[in-house]
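Keep the sequence and the model open side by side while reading.

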Amino acid sequence: MPDAYPDGGVGAVTRAIEAGVTRLVFPCVNLGSLPDMRRLHEEFPENTRLALGLHPTDLSADWQSDLDKMEAMLPGDFAAIGEVGIDLYHDASMREEQRVAFARQIGWAQRFGLPVIIHCREGLDDTLRVLSGTEGKLPPLVFHSFTGTADDVRRIRTVCDPWFGINGVVTFKNAPLLREALPEIGLDRILLETDSPWLSPAPKRGQTNESARIPYIRDCVATTLGVTPEEVERVTDEAAEQLFFTRTP
């Protein structure tokens, strides 16, 4: 997120806190993203947490070495593993490598008692294959930027019982199937997120996204589920606190 903002993200976090969004998680995509994440976390240590992981589209020729370096940092000050998973949207040439990397990083979460933020794009079959093949108890899981259907939710739940990250897509006119999936998910398994700097919710669609716009997402979820915005805020805040803010680094 910091790269999208001239001030390194300080203004975006400040605006989020002013909007009532007081808990933010910064997911990692590669080793190069860590310095900016750390600087922003040091600026807002009470409001932010860091996740460590190698994004599936960031697997380079040295991806195994990158994982070795990341593993050596754990548990450190990290509150989660992520974002990690399977992405076959643009390129499936490293499909097997993605599965191996994903499985290894799930193992980190098991070892250190951390939740996993899952990136899954055009890769649900492979994601569930890795999860179902994991030995031992799965760690807490979050399907980040979930835009699937109610059938997808039911299918995922044959393997695990995760939380689902709901972002600005839920407000889009062309996302009725995602809104229809919310009752299947249930409020107690929803987290609110931005995928900043992308996927800004209506009425800010097309603009650089930031966490101060989560209230738009909250309100859409509330309307869809027939509950108050205050109830959505309370339940999702408690889930975020439980998952990411209870561990003391």
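Phe 164 is buried, with a relative accessible area of 0%. The model is a predicted one. Phe 164 sits in strand β6, which covers residues 163–166.

Thr 147 lies 17 residues away from Phe 164 in sequence, and their C-alpha atoms are 9.2 Å apart. Gly 148 is 16 residues from Phe 164 in sequence, with a C-alpha to C-alpha distance of 10.0 Å.

## The nonpolar cores

In soluble globular proteins, nonpolar side chains tend to be buried together. Here the largest nonpolar core holds 62 residues. Which of them touch the most other members? They are Leu 131, Phe 143, Phe 146 and Ile 166.

Among the residues in contact with Ile 166 are Phe 146, Leu 178, Leu 182, Ile 185 and Ile 190. Leu 191, Leu 192, Glu 193, Ile 217 and Val 221 are also in contact with Ile 166. A second, separate core has 11 residues, including Ala 51, Ala 240, Leu 243 and Phe 244.

## Two buried loop residues

Gly 148 lies in the loop between β5 and α6. Is Gly 148 buried or exposed? Gly 148 is buried, because its relative accessible area is 12% and the cut-off for buried is under 20%. Leaving aside neighbours within four places in sequence, Gly 148 is in contact with Leu 177, Leu 178 and Ala 181.

Asn 47 belongs to the loop between α2 (34–43) and β2 (48–52). Its relative accessible area is 16%, so Asn 47 is buried. With neighbours within four places in sequence set aside, Asn 47 is in contact with Ile 17, Thr 22, Arg 23, Leu 24 and Phe 245.

## Helix α4 against helix α5

Two packed helices are described by the angle between their axes and the distance between the axes. Helix α4 spans residues 95–112 and helix α5 spans residues 124–132. Their axes come within 10 Å and cross at roughly 40°. The two helices are therefore oblique to each other. The crossing of α4 and α5 is right-handed.

On the α4 side, the contact is made by Arg 95, Arg 99, Phe 102, Ala 103 and Ile 106. On the α5 side, Asp 126, Thr 127, Arg 129, Val 130 and Leu 131 take part. The residues of this contact divide into 5 nonpolar, 1 polar and 4 charged. Leu 131 of α5 is also one of the residues that touch the most other members of the largest nonpolar core.

## Helix α8 against helix α9

Helix α8 (residues 214–225) packs on helix α9 (residues 229–245) at an angle of about 110°. Their axes are 8 Å apart. That angle makes α8 roughly perpendicular to α9. The crossing is right-handed.

Which residues make the contact? From α8 come Arg 218, Asp 219, Val 221 and Ala 222. From α9 come Pro 229, Val 232 and Glu 233. The contact residues of α8 with α9 divide into 4 nonpolar, no polar and 3 charged. Val 221 of α8 is also in contact with Ile 166.

## Backbone geometry to check

Most residues other than glycine have a negative phi, and most peptide bonds are trans. A cis peptide bond joins Leu 74 and Pro 75, with omega about 0°. Pro 75 is in the loop between α3 (63–71) and β3 (78–87). A cis bond also joins Ala 202 and Pro 203, where omega is about 10°. Pro 203 is in the loop between β7 (190–192) and α8.

Glu 122 has a positive phi near 55° and is not a glycine. Glu 122 is found in the loop between β4 (116–121) and α5. Its relative accessibility is 59%, so Glu 122 counts as exposed. Ser 145 has a positive phi of about 50° and is not a glycine either. Ser 145 lies in the loop between β5 (141–143) and α6 (150–156). At 17% relative accessibility, Ser 145 counts as buried.

Note on methods. Residues numbered from 1 in each chain as written. Predicted model: local features only at pLDDT ≥ 70, side-chain atom pairs only at ≥ 80, totals over all residues. Heavy atoms only, no water. Axes fitted to C-alpha atoms, helices over the stretch in contact; angles between N-to-C directions. Helix = DSSP H or I, 4+ residues; strand = E, 2+ residues; numbered from the N terminus. Parallel < 35°, antiparallel > 145°, perpendicular 65-115°, else oblique. Left-handed = near helix turned anticlockwise from the far one by under 90°. Contact = heavy atoms within 4.5 Å. Nonpolar A, V, L, I, M, F, W, Y, C, P; charged D, E, K, R; others polar. Core = buried A, V, L, I, M, F, W, Y, C linked by side-chain atoms within 4.5 Å. Buried < 20%, exposed > 50% of the residue type's maximum accessible area, 1.4 Å probe, protein only.
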